[in-house]
Amino acid sequence: MELSKRINNLGTGVFQRNDFRKQSYRSLPEGEQPFPLVDLSLGASDLLPPSSVLEVMKNALFEPESSSYCLHAATYPFREAVAAWAKGRFGVEVDPVDEVLLLIGSQEGTAHLPLAVLDAGDTGLIMDPSYPSHKGGLLLAEAHIEKLLLKEEQSWRPDFKSLSISQLEQIKMMIFGYPHNPTAQVGKQSWLEEAMSLGVKNQIVIAHDNPYVELSLIGNAPSLLFCQGWRDWGIEFFSLSKGWNMGGFRIAFAIGAKHLIKALRSLKGTVDFNQSLALQKGGIEALLRSADWPKHLLSIYKERRDKTLKGLQGFGWHVSTPSMAMYLWMPIPKWASSHGWDDEDVSAELLKKTGIALTPGSGFGDGGKGMLRLALVRPVDELESAIARIEPWWHAHS
Ligand SMILES: Cc1ncc(COP(=O)(O)O)c(C=O)c1O
């Protein structure tokens with residue numbers, strides 16, 4: 001059967017190929033696996049959410065309304081908690097009625113937004129490299145995609161000045177996010193200000209994907225909510241996945257201009273019901289009573305980061321110190337080219353020989369070519385033994 005062009009366009013990218021390799025590695029008979037798999041390819045924490053959040057959700061699971069469909073009106077207590085969190089976290093008054101929307105994840109929200117604001121053929125701008133749902137959402141909306149290349153020599157800063165006047169006239173929506181995945185840069189408030197003022201001036205929807213807002217190790221994470229103009233042209237996506245380790249539970253939210261929240265709400269009304277009230281109650285607990293809890297993750301990620309960087313450096317793999325907590329963004333070894341290997345080949349070889357799964361940078365766009373992403377999602381001792389496995393592999397090839 002002929003499938004839609006839309007689906008064909010989504011394609012099977014580097015991510016799926018990497019996933020397939022991991023699955024093949026996992027299903028090798030025991031004797032044939034050189035080592036057990038250490039999966040550092042996903043930004044999914046190995047750490048538990050706050051215990052009070054788990055307790056609240058556990059109890060709420062036994063309430064009959066948690067098993068029922070939850071229509072938008074019943075999400076009000078969650079939206080109210082979001083508004084209280086935003087007031088405490090950013091000092092910004094947010095209207096829980098019209099400016100907040102519950103989401104299944106910031107991935108879901110960012111992937112659906114283009115369908116709500118663009119028509120087929122309209123232009124959307126993404127960063128390259130960027131999180132895959134940014135491009136995926138534009139592909140689903142059959143948008144024309146423009147890319148802004150992030151460069152290492154510019155510290156992965158979006159160079160909005162490189163956009164021409166005619167590009168700015170064409171672009172109807174731009175999506176980006178700092179702290180940035182995959183480059184692991186926290187970014188600067190001034191970069192968001194620049195984007196937002198371009199949005200206001202050129203009537204461009206500015207979507208800022210901010211699931212890592214609580215995970216900055218150096219400097220303060222920026223937020224669109226500090227920028228003038230977000231109530232007219234901005235929408236920001238937050239998540240309980242990273243700061244509160246609730247990724248598997250799938251709960252997030254958007255705060256933004258009323259007309260954008262309304263459009264996304266109406267799109268979502270066609271696609272899904274809201275998350276269970278049990279999850280929402282967990283989210284409320286996290287936002288209201290464990291708002292500071294993410295801070296304790298920082299020392300854990302910092303120790304992981306520092307020990308991993310030191311271990312890699314010990315045998316010559318030099319990686320810049322990332323300012324955000326969860327990832328290392330690593331250049332492939334210089335010697336890789338003498339084997340004819342690109343980032344995907346290096347990650348495939350590394351997996352085959354050492355059982356360590358990293359993400360090839362090209363999975364995030366051409367701008368990620370020649371890079372690998374390592375997620376610091378295992379305890380220090382496991383990260384150190386992973387590095388001890390990489391060292392002989394490195395020496396055998398360099
Ligand atoms: C930039 C970015 N946006 C969104 C997501 C997905 O977050 P959520 O679990 O809220 O869907 C991720 C996950 O890694 C991410 O890195």
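Which residues in H5 meet which residues in H10? The legends below start with that view; keep in mind that this is a predicted model.

**View 1. Helix H5 meets helix H10.** On the H5 side, look for Gly109, His112, Leu113, Leu115, Ala116 and Val117. Their partners in H10 are Leu260, Ala263, Leu264, Leu267 and Lys268. Sorted by class, this contact has 8 nonpolar, 2 polar and 1 charged residues. Two packed helices are described by the angle between their axes and the distance between the axes. Here, the axes of H5 (residues 106–117) and H10 (residues 258–271) come within 9 Å and cross at roughly 100°. The two helices are therefore roughly perpendicular to each other.

**View 2. Domain 1 touches domain 2.** The protein is divided into domain 1, made of 13–42 + 294–397, and domain 2, which covers 51–289. Between their C-alpha centres there are 28 Å. Domain 1 brings 21 residues to the contact, and domain 2 brings 24 residues. On the domain 1 side, helix H12 (295–314) and strand S9 (327–331) each supply at least two residues. H12 gives the largest share of that side, with 4 residues. By class, the domain 1 side has 13 nonpolar, 5 polar and 3 charged residues.

**View 3. The largest nonpolar core.** This core holds 101 residues, and Val82, Met174 and Phe253 touch the most other members. Both domain 1 and domain 2 give residues to the core, so it lies between them. In soluble globular proteins, nonpolar side chains tend to be buried together. Zoom in on Met174 and you can find its contacts: leaving aside residues up to four places away in sequence, Met174 touches Gly124, Leu125, Ala195, Ile204, Ile206 and Ala207.

**View 4. Leucine 277 in helix H11.** Leu277 is found in H11, which spans residues 277–289. Is Leu277 buried or exposed? Leu277 has 23 other C-beta atoms within 10 Å, so it is buried. Its contacts, again without residues up to four places away in sequence, are Ala60, Glu65, Ser66, Cys70 and Ala74. For a sense of scale, Leu277 and aspartate 119 are 158 residues apart in sequence, with 33 Å from C-alpha to C-alpha.

**View 5. Glutamate 303 in helix H12.** Glu303 has its place in H12. With 14 other C-beta atoms within 10 Å, Glu303 is partly exposed.

View 6. Proline 179 is found in the loop between strand S5 (171–176) and helix H8 (189–202). The peptide bond from tyrosine 178 to Pro179 is cis, with omega near 0°. Proline 182 is also found in the loop between S5 and H8. A cis bond joins asparagine 181 to Pro182, and its omega is about 20°.

View 7. Trp156 is found in the loop between strand S4 (144–149) and helix H7 (165–170). Although Trp156 is not a glycine, it has a positive phi of about 60°. Trp156 is buried, with 20 other C-beta atoms within 10 Å. Gln203 sits in the loop between H8 and strand S6 (205–209). Its phi is near 55°, a positive value in a residue other than glycine. Gln203 counts as exposed, because it has 12 C-beta neighbours inside 10 Å.

How values were computed: Residues numbered from 1 in each chain as written. Predicted model: local features only at pLDDT ≥ 70, side-chain atom pairs only at ≥ 80, totals over all residues. Core = buried A, V, L, I, M, F, W, Y, C linked by C-beta atoms within 7 Å. Domains from an automatic or database assignment. Contact = placed C-beta atoms within 7 Å. Axes fitted to C-alpha atoms, helices over the stretch in contact; angles between N-to-C directions. Parallel < 35°, antiparallel > 145°, perpendicular 65-115°, else oblique. Nonpolar A, V, L, I, M, F, W, Y, C, P; charged D, E, K, R; others polar.
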